[in-house]
Amino acid sequence: LLKRQENFPVIGAASTAELIKIASFFESRQKSLNDSVIRHRSKYISESLGRISVTPPPPRKDQNYIYERGTNNINLYTAALTNFIVSEYAVIQNLYPSAHIDFKRAILYEIFKPILGSFVNITSELRYYIEKHKFSEGPLLFEIRKNMYDVVSHIREYIIENVPKEITDIFEAIDSQSQSVYSDFFKYIEARYSEIVFKEHHSSADISLNNVFMAVVSRLIKFSNFRDLQLPVIERMDANSWLPPNRPSGFIEVRVESTDPEYILSGFYGDVLEINYYSLRQKYVHRLSEEDLGVMLLINLDGLDNLLSNKQITSVLGQSGFQRVEKIKKKALEICTQNWQGLTTTLMRAATIDNARHSAMSVKEIIKLIDEFNRNFEEQCRNFNSNYNRLAPHFKKNLVKDISNMIAPAYSVFHANLTNPENSKPQVTKHLKYNSSEFRRKVENLAF
């Protein structure tokens, strides 16, 4: 019935009529049937629920494990409990048709009093277990909170409006604890990056997908399966309250102006992706050359792209979240263009030499400037082919586009100044290896 999401059956009309006769018989002899009804119905429901075992999960050996939605029996137990509340309400309505509603509710309260006590004990045990295993079991709190909410709602609707304090206390405790799941995510990230052990010697051949970076992304995707349960929790939190006190260099807090829970949740997911990226960069920035660092970051961002095809996390991130992903891609591309920026700066400085300074330079000095640029440019092209062939084609294409847009216009001005008929000297211009169009094609061909 639970699997088919059907209500539990109630006692049929014929059986109810027989019970009413029995009740009248007892009442005629000044004996109450209430205690017997309460005792037997409570025992029946308790024994039925007892068949559903709800225990804390076993300790996880995999440090990357995160609780998978729906795998704890608390969900089945709660579904059965709330179904029993509904069906038992119908039973009592039929058994005491002429009784006042307060009387019927009082009977129901006595029936469910020990059962609700057991429910409190079960949820308390789970809550304390999760506190000790927050990295692996944290998201289970979202399910417990939802289950508690359902039970409280059913109690108010069918049993008693003033929910017993022991139930509201545990609900408030779980509600508060579920908010900590967000900040715990960043504690997990920090803990995992602190465990990275470097080889004594690191080479370009070692650059590949980083296990920690990808584990964080995979974790976030599994985390997104709880999206609907996360919204009512995060909407009551202060934006960015989940951010860690120690943040990796480069990360800039994004102010969240909206009160829309969907937007706030997207902000959290964007924070996770950015802090994961900057944590990776910070870990390797002093151990790799700029070229190798850029390649390593782009390789991992390509892995991120592949995993972000998941529909659930795509829905959570939304437009603002993907804009932040594009921002960190741009940051990684900027690292890869640092040496090209140096070449561009050389061209721009040379291009701004005024005629007086230009005429004051000896032919030998101008030739030396051109030859040095040619040599550095060819070296950069060779390095590009050796360093960036491992990149995904779309990253390589975007990188070449950025380089071309940066250096080709500067070279055009540089070339135009040196080939200006008023200033050009044959012994100088013959050292120009490329005209403007050839130079741009040379750069653009790096993408292939």
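This report walks through the helices, the nonpolar core and a few individual residues of the structure above.

The model is predicted, so local features need pLDDT of at least 70 and side-chain atom pairs count only at pLDDT 80 or more, while totals for chains, interfaces and linings use all residues. Residues are numbered from 1 along each chain as its sequence is written, and side-chain values use heavy atoms, with hydrogens and water left out.

**Overall picture**

The protein has 18 helices and 0 strands; helices (H or I, at least four residues) and strands (E, at least two) are DSSP runs, numbered from the N terminus. Buried residues make up 45% of its 448 residues, where buried means under 20% relative accessible area, exposed over 50%, and partly exposed in between, with a 1.4 Å probe and protein chains only. If contact is taken as heavy atoms within 4.5 Å, 81% of the contacts between residues at least 6 apart in sequence join residues at least 24 apart.

**The nonpolar core**

A nonpolar core is a set of buried Ala, Val, Leu, Ile, Met, Phe, Trp, Tyr and Cys residues joined through side-chain atoms within 4.5 Å. The largest one holds 132 residues, and Phe112, Tyr182, Phe223 and Phe268 touch the most other members. Setting aside neighbours within four places in sequence, Phe268 is in contact with Tyr182, Phe185, Phe186, Leu220, Phe223, Ile234 and Trp242.

**Two helices to compare**

The expected span of a helix is 1.5 Å times one less than its number of residues. Helix α11 (residues 290-307) has 18 residues and should span 26 Å, which agrees with the 26 Å between its end C-alpha atoms. Because 14 of those 18 residues are buried, α11 is largely enclosed by the rest of the structure.

Helix α12 (residues 311-336) has 26 residues, yet its end C-alpha atoms are only 31 Å apart, short of the 38 Å that a straight helix would reach. There is also a kink of about 95° in α12, centred on Gly318; the bend at a residue is the angle between axes fitted to the seven residues ending there and the seven starting there. At the N-terminal end, Asn310 caps α12 with a side-chain oxygen 2.9 Å from the backbone nitrogen of Gln312. The buried residues of α12 include Ile313, Val316, Arg324, Lys329 and Cys336.

**Serines, cysteines and one asparagine**

Ser87 sits in helix α3 (residues 74-95), and its side chain reaches the backbone oxygen of Phe84 at 3.1 Å. Ser194 belongs to helix α7 (residues 165-194), and a polar atom of its side chain lies 2.6 Å from the backbone oxygen of Ala191. The C-alpha atoms of Ser194 and Ser279 are separated by 9.8 Å, although these residues are 85 apart along the chain.

Here is how accessible some of these residues are:

| Residue | Relative accessible area | Class |
|---|---|---|
| Ser87 | 6% | buried |
| Ser194 | 54% | exposed |
| Asn240 | 10% | buried |
| Cys336 | 4% | buried |
| Cys381 | 3% | buried |

With a disulfide taken as a pair of cysteine sulfur atoms within 2.5 Å, the count comes to 0 disulfides.

Asn240 lies in the loop between α9 (227-234) and α10 (261-284). Asn240 has a positive phi of about 70° although it is not a glycine. Most residues other than glycine have a negative phi.

Note on methods. Polar contact = N/O pair within 3.5 Å; in protein donor to acceptor, adjacent residues only side chain to side chain.
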